[in-house]
Amino acid sequence: MTTLRPLSLMVNGETLTCFAEPRETLADLLRRGLELTGTHTGCEMGVCGACLVMLDGAPVHACLLFAVQAEGSAIETIEGLTAKTAIADLQCAFHDRNALQCGFCTPGMLVTAQALLARNPQPSRAEIRDALSGNYCRCTGYEAIVDAIETVARRRAAGEVAAAFAEEPA
Amino acid sequence: MNAPLGALDRPNSYIGRSVSRPNAKRLLAGRGRYVTDLVLPRMLHAAFLRSPYAHARISAIDLSAAQAMPGVRLIATGADLAKLCKPWTGTLDHFRGMKSPPQFPLPLDEVLWAGQAVVAVVADTRAQAEDAVEAILIDFEELPPVVDVDAALEPDSDRAAAGLDDNLCFGLKLDSGDVDAAFAAAAYVVEEEFHFGRHTAVTLEPRAILADWDASEGRLTVHHATQTPYQFQDLYSRHYGIPEASVRVVAPDVGGSFGMKLHVYHEDMAVVGLSVLAGRPVKFVADRMESFISDIHARDHRVRARIALDAAGTILAMDVDDVTAIGAFSSYPRTSAVEGNQVVRLMGAPYRFRDYRAELSAVFQNKVQTSQYRAVGHPIACAVTERLVDMAAARAGLDPVAMREKNLIPDDAYPHASPTGYRFEALSHEKCLKRLTVMMDYERLRAEQAELRASGIHRGIGIASFVEISNPSPAFYGIGGARISAQDGAIVKVTPSGEVRCLISVTEQGQGTETIIGQIVADQLGLPRERVRVITGDTEVTPHGGATWACRGAGIGGETALQAARKLRENVLSLAATVLQAKTFELDMRDGVIVDLMTGAERISLAEIARIAYFRSDTLPPGTSAQLSVAHHYAPQGYPFAFTNGIQGCHVELDTETGFVHILKHWVVEDCGRIINPLLVDEQVRGGVVQGLGAAFFEECRYDGNGQLTNGSLADYLVPMACEMPDIEIGHVETLTADTALGAKGCGEAGTAAASAAALNAVNDALSPFRASIAQIPMTPTRLLRALGKI
């Protein structure tokens, strides 16, 4: 359990070789080993959605996967998605609509939203609410999040492209 | 007040404008810095062995195997930490007769609830600390747990803790007017017994603390996910005997709090001592299972209540008995009695009646402590009152709206003293009710309900008026001897480049405190908002203040910022007048430029004034005092609390075969005085409503007869999720408080205060054709089917 195992994976576009204990979760590896603290852990049993990351393009709970299981996979975290501006329009819409308060659920919400819009570019409000059913938020009451995702779906359908999120003024 | 006051109502004022939160951008980019993220050099990790029993004596502790485990640096017991840390007691002087056992970071010989931390292990990694916890051997001698509140109050009951004469923590009786005569003369009396389950905050970031004792300087730095850094600076200082000025508490980004993160937790106090013993930084983050068995729980009331009415449906009197179970200790430093106190004082608050009697019993038992959580006491008082008002309306043959029109305190009847001892400056119940019925299209909903009933679809409509406590003065805690500040402080300073920094004691947990403070400072100074930076959450940099609790950030923190900014503005204009050889009263600052007040002609920029003051004071006339930093404190004066009010409506559909309730829509009209940022206020209200709906339908800490929590995980404890929650429409009435220039009151508890009451009334409305009713929350499908007689 505590003997370190070598591990190769791609994280945010970079191929890494690192060591992990067999019992270490992917979430812990990302947070502790790689200092990617934008991936949060809220329940460590796969129900709150705070730890969602993209694994080979699909959302997974980083708390439910052992790090060694990610061998050979391509992982994208909130930091990587931000850097490549893949979710800049979602981030802008969340910001404008105040679709976050404490921000702890937000990276997971953005991952879910991105995956939803990839498979269903124009979801109804009910479909958005359904897609968010694995993402717990204690602060907002969800409506602003639904609004923000709905706005982005509409903008993407109209072909709008957002500037990089970090370049926007406050 | 003259010229600057008008600025609040300028068309281009920042006050009253929806602007987004500058500090939210880093959270969206995954660059939040929560305590859970922090790593310090040589940092160690703590884990705790927890009691498997609700009540037991510790007979023997064997640490030998654990001490030999890999990575273990330190193991500490209650006795070890008691040598460093003075015990604490959760009582307040103004709650007469209140008692509670003394508390230590870790217990000395008796454990009082299942999950109580008993032994601390500090190791190089959290996993190693947890491994070592597994190797600790403790002999527990089981004692009978006190679980049931009625049994707890029997004279010969087992005691929840050694040394207690009985299990009554606090009792309170209120009696005003002639309640017996009013009930004797009543045309109708309606009564009910209500049950409110325990629930808990479930912040998505659990409790987290990182203590760093530096013996070389005698300094303690604690990074603490809390709302109230100053309160903890004071507590760590006094309980560990470290001078206050050598204690720094930093609250960085906090992943939700809602009142839960302002209480003293045994593990948190222990971690400070562990850092002292280890001589290294020690971190503890509660995992989710630990959160459920150690974060404060909330509510847990059984209320028997009745109201007396005359033949026309006028409420004459109210009589209430509230028994609330608080766990084995009263929490510290705010106690576990404030919730019950507010329950009995907020009962019937929106209504006109004069005769009132209440009895409160706060009872010890062997469960997790209950204490203040969002909307302390409000949801209980509101649900009891509003359900009884609906029952009375049915009895008097009145529609619930007509019943409220008849009995609410009229908007022109203020100031008003409640029979429970509160004084209301100005509320707007009638306006809010009128507004709500329009927003809901109430008549149409009633017509639709009747039509749908005919086809077997059972919808319910519920409304609930409420009063909310905000802007508390020292009457809340200070007079009870607690060192919890009711005032706040701010430092506002101009940088050499003509930007402004505001360091203020109110804190941010995502509600937007920093944003509204920035709006107020920018507005009052006459600066673009982008040039104001607000800094909070660090005792080393801001003045001492109460921080964020009980809805005081906007009302008290905002007024502090307003007054500080006005002072700085005077200083800037006075200096500008010296430089320009003009008169201060002829000048104004707009958009960062000092202008001629009358013509608006630009005279000199703030940046230029700052440059001269900081780098070329030699060019100023002798004796010029350039004061471009201002420190200012504000304590609420006038009314002891700024009460707010509002009303909520809930529309549900009940499946009478399954007991499932679909929440169709929810409405809120609330009056928080001056609205600084409508976007943020609306989202505070929505979030609050959803917490109230969670309590109404899902959330309950369920215990077995041995005092064991049986659903302590996020898979078993149900929280409201997006797919179950409705869209929530919000309207506002603005009745300013005249106690401040800003006129703002709180809005953070409004949503939670009445959402469960509106839902309870809505479900009962849906049940009414079946002559069925429910008086318990959460309203689970099982309980609803039982109410319907189906199981």
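Author: A pocket is here an open set of grid points with protein on both sides within 12 Å along at least five of seven lines, and its lining residues have an atom within 4 Å of a point. The model is predicted. In it, the second largest pocket has a volume of about 890 Å³. Its lining comprises 39 residues, and B:Asn23, B:Arg26, B:Glu514, B:Arg533 and B:Val534 are those nearest the centre. Two or more lining residues come from each of α2 (24-28), β20 (500-504), α16 (513-525) and β21 (532-535) of chain B.

The loop between β21 and α17 (553-580) of chain B contains B:Arg552. B:Arg552 counts as buried because its relative accessibility is 1%, where buried means under 20%. Its side chain reaches the backbone oxygen of B:Ala547 at 2.6 Å. Beyond residues up to four places away in sequence, B:Arg552 touches, among others, B:Asn471, B:Pro472, B:Asp488, B:Val506 and B:Gly557.

The nonpolar cores complete the account. In the largest nonpolar core, which has 195 residues, A:Phe94, A:Ile149, B:Phe697 and B:Met779 touch the most other members. Helix α20 (residues 750-767) of chain B gives the most to this core, with 12 residues. Apart from this core lies another, of 46 residues, including B:Val500, B:Leu587, B:Met589 and B:Ile676. As for B:Met779, its contacts include B:Phe697, B:Leu760, B:Val763 and B:Leu784, with residues up to four places away in sequence not counted.

Note on methods
Residues numbered from 1 in each chain as written. Chains lettered and ligands numbered in written order. Predicted model: local features only at pLDDT ≥ 70, side-chain atom pairs only at ≥ 80, totals over all residues. Heavy atoms only, no water. Core = buried A, V, L, I, M, F, W, Y, C linked by side-chain atoms within 4.5 Å. Buried < 20%, exposed > 50% of the residue type's maximum accessible area, 1.4 Å probe, protein only. Helix = DSSP H or I, 4+ residues; strand = E, 2+ residues; numbered from the N terminus. Contact = heavy atoms within 4.5 Å. 1 Å grid on protein atoms, 1.4 Å probe; cavity = no way out; pocket = protein on both sides within 12 Å on 5 of 7 lines; lining within 4 Å. Points joined across faces, edges and corners; volume = space filled by probe spheres on them. Polar contact = N/O pair within 3.5 Å; in protein donor to acceptor, adjacent residues only side chain to side chain.
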